[in-house]
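Dear colleague,

I am passing on a structure that you have not worked with before. Please look through the sequence and the model below, and then read the notes that follow.

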Amino acid sequence: MLKHRLITAAGMLGAFSLGLYFLSAQYFSAILVPIVLIAGWELSNLTMIRNIHNKVLFLLITFILVSVAGSHLNFFGVIDLDAGRRLLWVCFGFWIFNLLLIMTYPSSDRVWSWQPCMALMGLLMLVFTWI
């Protein structure tokens, strides 16, 4: 089992590296969207979303937010660096907030255990990871 996972990880790392170095930023980001949606499907299982309609709605919201972020940055044209910088500061603040929640885990369990909060934080994590 471990051997299979190591071979899979090596193959994925090779494909990721080839895409990162030989594709343009636009194509690489477009290829990452389905991967983010697959991660969103797995995240919906983690956040205890059981209904298939709600899972599809979660993925649709993820896709819309990724599309809005890409449109805000003018990703398939000339990339707006100022908008990107502002958005990256928002992402940075979100990751610092998550770090503080993790560092205060026993007392912040109320935040993490509430399903809508987990789903929202996971959704933002997926979108900010894509950016």
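A residue is called buried when its relative accessible area is under 20%, exposed when that area is over 50%, and partly exposed in between, as found with a 1.4 Å probe and protein chains only. Before the findings, please note that this is a predicted model, in which local features need pLDDT of at least 70 and side-chain atom pairs count only at pLDDT 80 or more, while totals for chains, interfaces and linings use all residues. Residues are numbered from 1 along each chain as its sequence is written, and side-chain values use heavy atoms, with hydrogens and water left out.

Ser-29 belongs to helix 2, residues 25-46 (helices are DSSP runs of H or I with at least four residues, and they are numbered from the N terminus). Ser-29 is buried, at a relative accessible area of 9%, and, when residues up to four places away in sequence are not counted, Ser-29 touches Phe-75 and Trp-130, contact meaning heavy atoms within 4.5 Å.

Leu-87, which lies in helix 4, is likewise counted as buried, with 16% relative accessibility. Apart from neighbours within four places in sequence, Leu-87 is in contact with Ala-69, Leu-73 and Ile-131; Leu-73 is 14 residues from Leu-87 in sequence, and their C-alpha atoms are 8.7 Å apart in space.

Helix 4 (residues 81-103) also packs against helix 6 (residues 115-130), at an angle of about 135° and with the axes 11 Å apart, where axes are lines fitted to C-alpha atoms over the stretch in contact and angles run from 0 to 180 degrees between N-to-C directions. Helix 4 is therefore oblique to helix 6, a word for the angles left over once those under 35 degrees count as roughly parallel, over 145 as roughly antiparallel and 65 to 115 as roughly perpendicular. Residues of helix 4 in this contact include Val-90, Phe-94 and Leu-101, and among those of helix 6 are Met-121, Leu-124 and Phe-128.

Finally, the largest nonpolar core has 19 residues, of which Phe-58 and Trp-130 touch the most other members; such a core is a set of buried Ala, Val, Leu, Ile, Met, Phe, Trp, Tyr and Cys residues joined through side-chain atoms within 4.5 Å. Helix 6 gives the largest share of this core, six residues. Leaving aside neighbours within four places in sequence, the contacts of Phe-58 include Gly-40, Leu-43, Ala-119 and Leu-123.

With best regards

Methods: Helices (H or I, at least four residues) and strands (E, at least two) are DSSP runs, numbered from the N terminus.
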